[in-house]
Amino acid sequence: MIAGLAFYLFAGILIASAVMVVTSRNPVHGVLFLILAFFNAAALFLIAGAEFLAMILVIVYVGAVAVLFLFVVMMLDIDFARLREGFRRNAPLGLVIGGILLIELLLVAAAWRFAPEAAALRLQPVQPDGVTNTEALGRVLYTDYVYAFQIAGLILLVAMIGAIVLTLRDRPTAKRQDVAAQIARSGSVVTRRVPIGAGLAETGIARPPLPEAPKPKQVEHQGGGHH
Amino acid sequence: MGFDLTPVLPELFLLVAGLVLLVVGVLTREGEAARVVATLSVLALVIGSIIIAASDKSPQLALGGHYVADGFSAFLKILLFVGAALAILLAQGFLHDRRIARFEYSLLVLFSTLGMSMMVSANSFLALYMGLELSALPLYVLAAFDRDNLRSTEAGLKYFVLGALASGMLLYGCSLVYGFAGTLSFDVLADAFGAATAERPPALLPLGAVVGLVFIIAGLAFKLAAVPFHMWTPDVYEGSPTPVTAFLATASKVAAAGLAVRVLMHPFGEWTAQWQQVVVLISIASMLLGAFAAIGQANIKRLMAYSGIGHIGYALVGVAAGSERGVYAVLVYLAIYLVMTLGTFGCILLMRRQGQYVEQISDLAGLSRQRPMAAAALGVFMFSQAGIPPLAGFFGKLLVFLAAVEAGLTWLAVLGVLSSCVAAFYYLRIVKVMYFDEAAEPFDTAVHPAVTGITAITALATLFFIVWPGPLLRAAGAAAAALVR
C-alpha cells in the first residue's frame, strides 16, 4: 500500500518535472528539473528493488552528467528564445514525425508478448539467496568479466593521457605554487606581545622591513610540477 | 581456466611496463624524458616479443575464456610488437625536429600496441571490442599529436569521428549476433554454428546473425581501411605526423586483419559461403580503388594511403579463400607488407630540405644523384610493393593468389593480377622521378641514424627474402594451422 502510494508520488513528480524540462523558458531551470527527474527515477528503481541502478543514476547522471549540462548551459551564451523562433513553422513536420513514431510504437506494443516468467521475475528482482543485486553484479564483473573491466579502466587512463597531450600547455608566465619556497620562508614573520589599547605606531613596533625575498625559482614543470 | 595468468603474460608485462614508464616519464627531467621513455618502450616491446616467442604455443584460454593465446596470436603479436618498436624508433628524430618530442608519444604507441595484442587474442566479442577501443583511442591522439598543426588536428578529429561511427557499426553487429546466438564467446559460437557431428544435426545460421556478421565486417573494414570504408585514410595519413602514419599503416592494419581472420575463420568458419561474397566484394573494390586512385596523387603519404588500401585488397583475397592455405598466405602477406611499408616510411622520413620534411612526389627528383643509397632503398620498396620478382612483395601476392585459385576463385586472382599491373604504374613512376628527373634543391645531408638503420635493414630484408624465406613461412604455416583446427 505504502509502496504503491510512493510509486505514484515519485512517478507523478517524475513526469511533472520531465514536462518542465522541455517547457521551462530558462535553460538553467530546465537542467535543475532534469536533476529532479533523475532523483525521482532513482527512487522508482529503489522501489523496484534495483538499488544498484538507483545509485548509479544518482552518482553518474546527477553527479556528473547533469552538472556538466549545467556548466554547459551557464557557460555557453545560447539565446534559447531565438532557437525557438521556428517552433510554429516546424510544428506540423514535428507532429507528423511524432505521429509516425507513435504508430510504430503502438504496432510494436500490439505485437508484444511477455515471457511467461516475466511477471515472477518482476516481483522478485532480488535473488532468492539474499544476494543483493549490487553484490551479484560485482561478483560477475570481477570474475567472469574482469578482463573487459580492466581494459575499460585502461581505456580511461589512455583517454586521460590523451587529453593532457592534446591540451596541456606550459605558459612561461603561468604562476605556480612552489611548496619548498613557501616552507623555507622564515624570519619575515614575527610575533610580539602588544599592550592592550596601544597602536602599532605608538609602541614603535612597525612591521619590520621585509628582507629581500629570494625570487621564487622557476619550477621545472614538465618533470613533475604541481598543476 | 580459473585464474591462471600465464597465457596473458605478454600483455601483463606490457601493461605494467606502460604504467611504470608513465611514472618514469613524469619524473624524468623535461629534456630527457622523451628519449628515456622511447628507449625503455622499445626495450619493453622487445622483451614482450621474446616472452611470446618463448611461450607455449598450444591454445590456452584465460580470463574467463575471453582471451586465447595460440600460435596465430603469437605470430601476429610478434609482428605488432616489432612494428611498434620500429615506429617508436622512426619517430624520435622527426618529433625532435618538429619540436613535439614528448614522452607520451612512446607511451601511446605502447598502449595502442597493447590493445592490438588484445585484439588478436580476443576470444569473445566483448574482448574484441574492448581491445579495438584500447588500440584506437591512442591512435586518435597520435594522429593529432602535432597539435599546433591544423592538418594534424584535422586528421585526429576526422579519424576520431569516423572511428566512433565504425565502432557503432561493429557494436551493432555484435549485438545482433549476441541476440540471435545468446553468447559472445567465439568458442561457443563456433560450437553452435559448427559442422554437424554424429550426435548433432547440422546447425543453422540465423538470418539475424548473418546481418550482424555483415555489420561486424563493415566495422572491421573501416579499421582495415578497405573500400567502401576507406574515406578517412588519405586525409588522416596525409595530416598525421609521418611516423604516426607509418604506425597507422602497419601495426593498426595488421591487427585489424588478424582480428578479421579470427572472427571469420573461428566462430563463422563453417559458414564461408555466407561471408565470402562480402569479403570478395570488399577485396575487389579495394584492389581497384588502390590501383586507380593512387595514380593522380602528388603527395607520397596520400599515395601510400591508396597503396595500403590496395594491399588490404590483396590480403583479403587470401581471407576470401577461407582455407588454411588462405590464412597462411594472409599472414605471410601481412608480415611482408609490414616490413615494406615501414621501410618506405623510413625513406619518406629521410627526405628533408633545409630542415623541413618534404612529402611531395616531385620532391623526390634527383634523389638518386644526391643520396644513391636512399634512392636504391626506395626503389627496392617500390618494386617490391608492385610485386615484381624476386622481391619479397612478389611472394606475398603469389601465395595469396595461389590460395584463391585453390579455393576456386580463379577470377578473383586474375582480377588481382590485373589491378597489380595497374598499380605498378605509380610505383614505377616514383622510381622514374627519383632516377630521371632533375633536382631543384639539394637534400639535407644530416640524417638520423635510427631512420637510416631501419630503412637499410628493411630494404635488405625485402631484397633478400628469397634467399632465406624459411623461418617466416614456417612460422606463418604453424600460425595458420593453429587457427584452422
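Begin with the whole structure: a search of it finds 6 cavities of 30 Å³ or more. On a 1 Å grid over the protein atoms alone, a cavity is a set of points where a 1.4 Å probe fits but cannot get out; a pocket is an open set with protein on both sides within 12 Å along at least five of seven lines; and lining residues have an atom within 4 Å of a point. Grid points are joined across faces, edges and corners, and the volume is the space filled by probe spheres set on the points. This is a predicted model, in which local features need pLDDT of at least 70 and side-chain atom pairs count only at pLDDT 80 or more, while totals for chains, interfaces and linings use all residues. Residues are numbered from 1 along each chain as its sequence is written, chains are lettered from A and ligands numbered from 1 in the order in which they are written, and side-chain values use heavy atoms, with hydrogens and water left out.

**Largest cavity**

Select B:I216, B:I217, B:L220, B:A221, B:L224, B:A260, B:V263, B:L264, B:V279, B:I282 and B:L316, which line the largest cavity. Its volume is about 90 Å³. Colour by helix next: α8 (207–224), α10 (242–265) and α11 (272–293) of chain B each supply at least two lining residues, and α8(B) gives the largest share, 5 residues. Helices (H or I, at least four residues) and strands (E, at least two) are DSSP runs, numbered from the N terminus. By class the lining has 11 nonpolar, no polar and no charged residues. Here Ala, Val, Leu, Ile, Met, Phe, Trp, Tyr, Cys and Pro count as nonpolar, Asp, Glu, Lys and Arg as charged, and the others, Gly among them, as polar.

**Second largest pocket**

Move to B:L79, B:A335, B:V339, B:A461 and B:L472. Of the 24 residues that line the second largest pocket, these are the closest to its centre. The space in this pocket is about 640 Å³. Two or more lining residues come from each of α3 (71–97), α13 (324–350), α18 (449–463) and α19 (470–483) of chain B, with α18(B) giving the largest share, 6 residues. The lining divides into 22 nonpolar, 2 polar and no charged residues.

**Interface of chains A and B**

Show both chains and select the contact, meaning heavy atoms within 4.5 Å: 30 residues are from chain B and 26 from chain A. The two chains bury about 2,600 Å² between them, 74% of it on carbon and sulfur atoms; buried area is the accessible area (1.4 Å probe) that two parts lose on being put together, summed over both. In chain B, select B:E30, B:M130 and B:R147, which lose the most area to chain A, together 22% of what that side buries.

Across this interface the rule finds 1 salt bridge, a side-chain nitrogen of Lys or Arg within 4 Å of a carboxyl oxygen of Asp or Glu. Select A:R169 and B:D148 to see it, with the closest N and O atoms 3.0 Å apart. The elements α1 (9–27), α4 (104–120) and α5 (125–143) of chain B each supply at least two residues of the side that touches chain A. The most, 8 residues, come from α5(B). That side of chain B has 21 nonpolar, 3 polar and 6 charged residues.

**A salt bridge within chain B**

Over all chains, the structure holds 18 salt bridges. For one of them, select B:R151 and B:E238, whose side chains meet at 2.9 Å, N to O. B:R151 lies in helix α6 (residues 150–181) and B:E238 in helix α9 (residues 232–239) of chain B, so this pair ties together parts that are 87 residues apart in sequence.

**Backbone stops**

Most residues other than glycine have a negative phi, and most peptide bonds are trans. Select B:V227 and B:P228: the peptide bond between them is cis, with omega near 5°. B:P228 is in the loop between α8 and α9 of chain B. Next, the bond from B:P389 to B:P390 is cis, with omega near 5°, and B:P390 is in the loop between α15 (372–386) and α16 (392–406) of chain B. Finish at B:L63, a residue other than glycine with a positive phi, near 55°, in the loop between β1 (60–62) and β2 (67–69) of chain B.
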